[in-house]
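User: I have a new model open. Can you walk me through its cavities and one of its helices?

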Amino acid sequence: MTLSILYRGVLSSCNYDCTYCPFAKRKDTRATMATDKQQVERFVAFIQQHQSVPHINGVEHFKIFFTPWGEGLIRKHYQQAMVELSNMPNVQKVAIQTNLSCTLTWLQKANKDKIALWATWHPGQVDRETFLNKCRQLDALGVMYSVGIVGFKETIEEIETMRTLLPKERYLWVNALKKQADYYNETERKRLIAVDPYVPYNMVYHESRGKACRTGHTVISVDGDGNIFRCHFIKEKLGNLYEDALDGILQPRTCTNDTCGCHIGYVHMNELNLYNVFKGRELERVEE
Ligand code: SF4
Ligand code: SF4
């Protein structure tokens, strides 16, 4: 069995200044950064320690997805963690959400077959050519990545332009705005679907209560202290990665929330069949 772990530590700072984001230009204290580093290193060590053990409670491989509040990859300890994890035989995949503002040379040391980036372009923060240049560097390095953009109405033209400039095979996803019902008119909707055929999944809050979801069974969320939750959206603690056997924790479950609206959550809902779309690359959101 492969266990996907979504890791989110205490880091909550970013070098960008997106107007809609609570982490914009936020700075973590030195103490918080030191804690984050120590916790990430502990997590990597845990995965490392379990690579010579063929099974821990039925788990043979890990897929790791760092989903930090803010930007992690401008910090050396996340770069180091990505490189180390990608080189472990018991790790199938290590991915991270990033604004791609970091340098990329550190990726040379990573196992390119296992590392992947969920890269979001923020048009108000960095110009198109600078972002595209980073994508070209990833192509040259042979690193897998998806590109995403937040689908503000006023950004649709930029999204369409980016689609024409990225290689055809590179999936460009759109995170839809959905708090306001009917935010998009029919024309805008069609324009976004022309870019991202899977954006309709992101335009709705999926009714999820009582429905089967792989989180809590083959997918878990872990914080810096090792506390285990089934996903980032249900804060009922299931146990602790460093203290508890996973036996009694990992089991098929149904959702206890009314709805699920983020890719990192609903992609694991059984009825949406999105594993058939992403074919093992559901964490980094790379469509095959
Ligand atoms: S890049 Fe991401 S984390 Fe940073 S300010 Fe923008 S939305 Fe927030
Ligand atoms: S459907 Fe979403 S909210 Fe519900 S358990 Fe799955 S990931 Fe969590």
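**Cavities and a helix**

Analyst: Helix H6 (199-202) and helix H7 (263-266) each supply at least two residues of the lining of the second largest cavity. This is a predicted model, where local features need pLDDT of at least 70 and side-chain atom pairs count only at pLDDT 80 or more, while totals for chains, interfaces and linings use all residues. Residues are numbered from 1 along each chain as its sequence is written, and side-chain values use heavy atoms, without hydrogens and water.

User: Which helix gives the most to that lining?

Analyst: H6 does, with three residues. Helices are DSSP runs of H or I, at least four residues, and strands are E runs of at least two, numbered from the N terminus.

User: What volume does the second largest cavity have?

Analyst: About 50 Å³. Its lining includes Tyr171, Asp196, His263 and Arg285.

User: What counts as a cavity?

Analyst: On a 1 Å grid over the protein atoms alone, it is a set of points where a 1.4 Å probe fits but cannot get out; lining residues have an atom within 4 Å of a point.

User: And the largest cavity, what is its volume?

Analyst: About 100 Å³. Of its 13 lining residues, the closest to the centre are Cys213, Cys231, Ile234, Cys255 and Cys260.

User: New topic. How many residues of H2 are buried?

Analyst: Eight of the 11 in helix H2 (residues 76-86). Buried means under 20% relative accessible area (1.4 Å probe, protein chains only). Among them are His77, Tyr78, Met82 and Leu85.

User: What covers them?

Analyst: The cover includes helix H1 (30-49), strand E1 (2-8) and strand E5 (91-98).

Notes: Chains are lettered from A and ligands numbered from 1 in the order in which they are written. Buried means under 20% relative accessible area, exposed over 50%, partly exposed in between (1.4 Å probe, protein chains only). Contact means heavy atoms within 4.5 Å. On a 1 Å grid over the protein atoms alone, a cavity is a set of points where a 1.4 Å probe fits but cannot get out, and a pocket is an open set with protein on both sides within 12 Å along at least five of seven lines; lining residues have an atom within 4 Å of a point. Grid points are joined across faces, edges and corners, and a volume is the space filled by probe spheres set on the points.
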